[in-house]
Amino acid sequence: MNFHVLTLFPDMIRDGLNTSITGRAIKAGILNVNAVDIRDFSDNKYMKVDDYPYGGGAGMVMQPGPVCDAYESVVSNIGKAPRVVYMTPQGHRFTQSIAEELAKEEDLVILCGHYEGIDERALENIVTDYISIGDYVLTGGELAAMVVIDSVSRLVPGVLNNSESARMESFSDGLLEYPQYTRPVEFRGSKVPEVLLSGHHGNIDAWRHEKSLERTAKYRPDLYEEYKKEHPEEFEKNRKN
Ligand code: 6GU
């Protein structure tokens, strides 16, 4: 899968993604991250790409020309017009199901804004999806773009190895992950739960499911209510949840 990131900070994108699992997948040729520097498309001798907002107000606005030209350079390179995601706190909240949908694309353009945003006309011309990663404000779209790229990448076949992909159930069943333990069997007076040492897989699965339910009820009551609605049979007979 090819990610084309339109940004004023291409090094941030490259450095962030050339590490760990995404870095391994890039080296293996399964992923390609093409960080396009919007500043290269400035029509100004000082390489300026922003200006004061019409109507007044704080901050600077990214001009439409360099953004659209950067996008069009991608279109002419790949010979088609791909989906364009604009990272913005004004967008739809990013979820696992959006990640699953984006992972079907062969090419994806991700547009990162800075300053007080991007001239609306550029957005109207090129953007197909507006995505926010949560209800807080970042200084720019780059970290948000890396969050989206990371979560989409791990859904691309071949990016995770077998033991990594075996642990994919976590969010897909709508529950939080159960707690994990490794050696030593006792750490600072606290022992690994006995059932995990028993070798009884039925009991282990039941214990893990119970812990997932407990955690979800405690930390994400919204997800817990959703899960109860989807799995009424689990809660029918002699359960106090
Ligand atoms: Cl996608 N961009 C920016 N700049 N801030 C954000 C965000 C995105 N999502 C949450 N805050």
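Predicted model: local features only at pLDDT ≥ 70, side-chain atom pairs only at ≥ 80, totals over all residues.
The residues around the ligand are Met87, Thr88, Pro89, Ile131, Ser132, Ile133, Gly134, Tyr136, Leu138, Gly140, Gly141 and Ala144. For tyrosine 136, a backbone N or O atom lies 2.5 Å from a ligand nitrogen. A polar backbone atom of isoleucine 133 is 3.0 Å from a nitrogen atom of the ligand, and for glycine 140 the distance from a backbone N or O atom to a ligand nitrogen is 3.5 Å. On its own, the ligand would expose 290 Å², and the protein buries 95% of that area. Two elements, β5 (83–93) and β7 (129–132), each give two or more residues to the shell. Strand β5 supplies the largest share, with three residues.

Attention now turns to the helices. Two packed helices are described by the angle and the distance between their axes. Here, the axes of helix α1 (residues 10–17) and helix α6 (residues 142–153) come within 10 Å and cross at roughly 35 degrees. The crossing of α1 past α6 is right-handed. On the α1 side, the contact is made by Met12, Ile13, Gly16 and Leu17, while α6 contributes Glu142, Leu143, Ala145, Met146 and Ile149. Of the residues in this helix contact, seven are nonpolar, one is polar and one is charged.

Technical notes
Residues numbered from 1 in each chain as written. Heavy atoms only, no water. Axes fitted to C-alpha atoms, helices over the stretch in contact; angles between N-to-C directions. Helix = DSSP H or I, 4+ residues; strand = E, 2+ residues; numbered from the N terminus. Left-handed = near helix turned anticlockwise from the far one by under 90°. Contact = heavy atoms within 4.5 Å. Nonpolar A, V, L, I, M, F, W, Y, C, P; charged D, E, K, R; others polar. Near = heavy atom within 4 Å. Polar contact = N/O pair within 3.5 Å; in protein donor to acceptor, adjacent residues only side chain to side chain. Areas by Shrake-Rupley, 256 points an atom, 1.4 Å probe, with all protein chains shown as cover.
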